[in-house]
Amino acid sequence: VEYTTDVVIIGGGGAGLAAAVSAHQNGAQIIVLEKMPRLGGNTILAGGALNAAGSPRQVAQGIEDSVEKHFTQTYEGGDELGNTDLIQTLVENAYPAVEWLESLGMNFNDEVFTVLGGLWPRAHKPSTPLGTGFIDTYQNYINANEGIEILLDTEAIELLVEDGRVVGVKAVGLSGDVIVHANNGVIMAAGGFGANTEMIEKYNQSWPSLANVKSTNHPGATGDGLAIAEAVGASLIGLEHLQLLPLGDPNTGSLSGNIEQGVENRIFVNKSGNRFVDEGARRDVMTKALLEEEDAFLWVVLDQKNYPTPETTNNFNETIEELIAQDRAFKGDTLEELAGKIGVNPDNLVKAVEEFNKVVEAGGSDEFGRTLFDTKIDTAPFYAGARVPTVHHTMGGIEINTNAEALDVNGNVIPGLYAAGEVTGGIHGSNRLGGNALADIAVYGRIAGENAAKNK
Ligand code: ADP
């Protein structure tokens, strides 16, 4: 089959769909190619947190923040390896992206929070679980407007180039070859390679072997977009920067079953019941510390205030009693009882919580350098959930400029090719802040869509 449209988008995750809506708002006709049988990619599995500074929600909560602070934490949190222009564009446009999503009908909770490895309370949480809020919002727009066609089960394999300009995509669908001609351009939004164990092992430099480490990723996160773009001369950068989280499910690597509700009110203890790291630190810092602990295994420990009612759910829409019934969380009316259930030394666990509570009361920082605190762990019942390291995100990818145009190895724009989302590199340096991916895909998806639509 052959189609002609204005803008072709490869990948129907958060970046691709943001780009589709944005391109449509700027007057283009769009075809989205998605290799899986459904939309959503890794975005639909994401915790949902979107970092945006300068939000009225922060003002209402009395949280001090600024675009500058978001910039500095993003840049330093990635070991100053990110491109400062790209970071500036990200942080400046993050709150406008929240407003844009709201204009499309998306709802966020009133409270902002600190997401794992996010370093600061600026995460906007959708009112529906995981990344469903984003994907549903885009899907609703697509359903309500003519001009965005989605081809599922259709895997892009090659970009079509004429006179040095990207003019379309060759793909394979369920009934054979699909050729899509693009009047304006192609947006690569095929995501990262966190589910591609071969690529993870190939590019891994800073972690021990990850052969036995599971991943939070959906099976389509195989990095196809990198090879497809490289074949037309795109520059790939930072592929060695792999993100692990310390909070994977021990059986699946997934984020499901994670009992934490934000950073401030929970601690991590090892198999002996002792704390071992600043639980408000960077994701790489926490995961490296966890890898040093016995069996690279931790318990998240928190109290009743995180689950005030039986209806209270975690990010995955799971109640604590459901998790307890599945032996994925444990409950004790005292810390000693909880310690008995999870098999850690009760004296150590009680001491860890007592020390934590002292710092919550005194303020300042604790022996691990932790500074993010809110309330004490002091209200029964107490809960614990087991977690292990898991591969989460790939920071490297296609080099872009602030217009989301793809660059070649000489730094020149590849005419007709745009890229957005996890498939791109250069924004997050060696370590992406928690909450910055959903900001990234909304901001750069939007930019890519607008620029591709205008590239007549
Ligand atoms: P991002 O957060 O950058 O949007 P996601 O992982 O959410 O990344 O989405 C990327 C999407 O791209 C996934 O739905 C994935 O299945 C899709 N994808 C990956 N490779 C291809 C390909 N070769 N052709 C079409 N779609 C692809």
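Student: Why are helix 1 and helix 12 called oblique to each other?

Tutor: Helix 1 (residues 14-25) and helix 12 (residues 436-454) pack at about 40°, with their axes 7 Å apart. Angles under 35 degrees count as roughly parallel, over 145 as roughly antiparallel, 65 to 115 as roughly perpendicular and the rest as oblique. The angle of about 40° falls in that remainder, so helix 1 and helix 12 are oblique. Axes here are lines fitted to C-alpha atoms, for helices over the stretch in contact, and angles run from 0 to 180 degrees between N-to-C directions. This is a predicted model, in which local features need pLDDT of at least 70 and side-chain atom pairs pLDDT 80 or more, while totals for chains, interfaces and linings use all residues. Residues are numbered from 1 along each chain as its sequence is written, and side-chain values use heavy atoms, without hydrogens and water.

Student: What is the handedness of the crossing of helix 1 and helix 12?

Tutor: Helix 1 passes helix 12 in a right-handed crossing. A crossing is left-handed if the near helix is turned anticlockwise from the far one by less than a right angle, and right-handed if clockwise.

Student: What makes helix 3 and helix 4 oblique?

Tutor: The axes of helix 3 (residues 67-77) and helix 4 (residues 84-103) cross at roughly 135° and come within 9 Å. Helix 3 and helix 4 are therefore classed as oblique. Their crossing is right-handed. In the loop between helix 3 and helix 4 lies D79, with a phi near 60°, a positive value in a residue other than glycine.

Student: Which class does the pair of helix 10 and helix 11 fall into?

Tutor: Helix 10 (residues 335-342) and helix 11 (residues 346-362) have axes that come within 9 Å and cross at roughly 130°. That angle makes helix 10 oblique to helix 11. The crossing of helix 10 and helix 11 is right-handed. In the loop between helix 11 and strand 15 (382-394) is P381, joined to A380 by a cis peptide bond with omega about -5°.

Student: What is the strand order in the antiparallel open sheet of three strands?

Tutor: The order is 3-5-4. Strand 3 (50-51) and strand 4 are the edge strands, each pairing on one side only. Strand 3 and strand 5 are joined by two bridges in the antiparallel sense, and N51 faces A123 in strand 5.

Student: Which strand gives the largest share of the lining of the largest pocket?

Tutor: Strand 4, with four residues. Strand 4 (108-113) and strand 5 (123-126) each supply at least two lining residues.

Student: How many residues of that lining count as nonpolar, polar and charged?

Tutor: Eleven are nonpolar, 18 polar and five charged. Asp, Glu, Lys and Arg count as charged, Ala, Val, Leu, Ile, Met, Phe, Trp, Tyr, Cys and Pro as nonpolar, and the others, Gly among them, as polar.

Definitions and conventions: Two strands pair if DSSP finds at least two bridges between them.
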